[in-house]
Amino acid sequence: MTSRRLTKQQSRRIKQNIGARQKQHRTTHDKSLGPEQSGLIISHHGKTLVVEDDQGGRYRCSSRQNIGQPVCGDHVVWQAANDQEGVITAIKDRISLLVRPGFADRIKPVAANITLICIVIAPEPEPQESLIDRYLVAAEYLNIKPVILCNKSDLLDAKTRDAWQERFSIYQKLGYELLTTSTKQAHGLDQLQQRLRENNSILVGQSGVGKSSLINCLIPDREARVNELSSQITKGQHTTSHSELFHLPDRGGDLIDSPGVRDFRLGHLDRQAIEQGFIEFRPLLGRCRFSDCIHVNEPDCAILAAVENGQISARRFESYRTIVD
Ligand SMILES: Nc1nc2c(ncn2[C@@H]2O[C@H](COP(=O)(O)OP(=O)(O)OP(=O)(O)O)[C@@H](O)[C@H]2O)c(=O)[nH]1
Ligand SMILES: [Mg+2]
Ligand SMILES: [Zn+2]
């Protein structure tokens, strides 16, 4: 490592400069910004964040660079610049952080302080079990309860309903909760509301499954309409472009709407986290002949044996293989 000695005069000048800058910072700080207060991030879209103060006032905020990326659901410290804008100066401790790998596998935070993940599926667009499995692994890793929400039940008739139930009953057998809703027929919404109560929940899933429609059904129209202004119109549909947090009426919990995804990768999790994320694997882990078995084609593998005898579903195992690959 190279080091360079500064002359006494140089270091004195540097110190003076730093002192001057700090003074300048303090004065602009004091003059232009109000006192520190707490707030909740209710929307984030790139660098633009909306903070809700304790009285329900909303401020468009930027965030100090060195504090990390605040996301929906974050409790923050912030200072008002005027009656519409402010600056976020700190993110308070999080109880959970849902993330996904972004460009170049850089971790992208999605939402904070979530206690319930609602994985929304629908007969249309065609569900992808691999996507459901990935979200379940993420939920298990974060120790957050997942719920699988089958929306658009009005699109099923007597025949397709049986096939649908058969197809997703595997998740019920694993102990996951399945809810059925239709925003068109206002079906199952009371049960959903009950489930969301006292939780900070997020709706995730493919584009077009009806996440925003569910929010619109659960929230009195005033707030929903305000938020519609921020959705962009694509092909005559409102496609959600960023996450947004809503308060459900009667202290019914908070609910985050998120943009639809095509894929949800788990590049940030190691193999142990992934195998633990398949809950039916858990009782068998550690029972393979090799302690570092990755359950692909090793001899005396407890997982492969369980797939062979039908104790583990071949479809779920396929999901595991794809994720680990
Ligand atoms: N038949 C039927 N259509 C529905 C239902 N819920 C939503 N839709 C329709 O499905 C389409 C997509 O709904 P959105 O609520 O925008 O879906 P989204 O999941 O928010 O989509 P993204 O924001 O792109 O992720 C719209 O045309 C809705 O009218 C339902 O219960 N039944
Ligand atoms: Mg949407
Ligand atoms: Zn094994």
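## Strands and how they pair

Two strands count as paired if DSSP finds at least two bridges between them; the strands (E, at least two residues) and helices (H or I, at least four) are DSSP runs, numbered from the N terminus. By that rule, β9 and strand β10 (residues 177-180) are partners, parallel and joined over four bridges. Within this pair, C150 sits opposite T180 in β10. To get from β9 to β10, the chain goes through helix α3 (residues 158-173) in a right-handed β-α-β crossover. Right-handed here says that, with the strands pointing away from the viewer, the path from the first strand over the helix to the second runs clockwise.

Before you look further, note that this is a predicted model: local features need pLDDT of at least 70, side-chain atom pairs count only at pLDDT 80 or more, and totals for chains, interfaces and linings use all residues. Residues are numbered from 1 along each chain as its sequence is written, while chains are lettered from A and ligands numbered from 1 in the order in which they are written.

## The other partner of β9

Strand β8 (residues 116-121) runs parallel to β9, with six bridges between them. Here I119 faces I148 in β9. The chain passes from β8 through helix α2 (residues 129-142) to β9, again as a right-handed β-α-β crossover.

Strand β9 (residues 145-150) is largely enclosed by the rest of the structure, because five of its six residues are buried (20 or more other C-beta atoms within 10 Å of their own, C-beta atoms being placed from the backbone).

## Around ligand 1

Ligand 1 is surrounded by 20 residues, each with its C-beta atom, placed from the backbone, within 6 Å. The closest are S207, G210, S213, T240 and G260. Helix α5 (211-218) and strand β13 (237-239) each supply at least two residues of this shell.

Methods: Buried ≥ 20, exposed ≤ 12 C-beta atoms within 10 Å, placed from the backbone.
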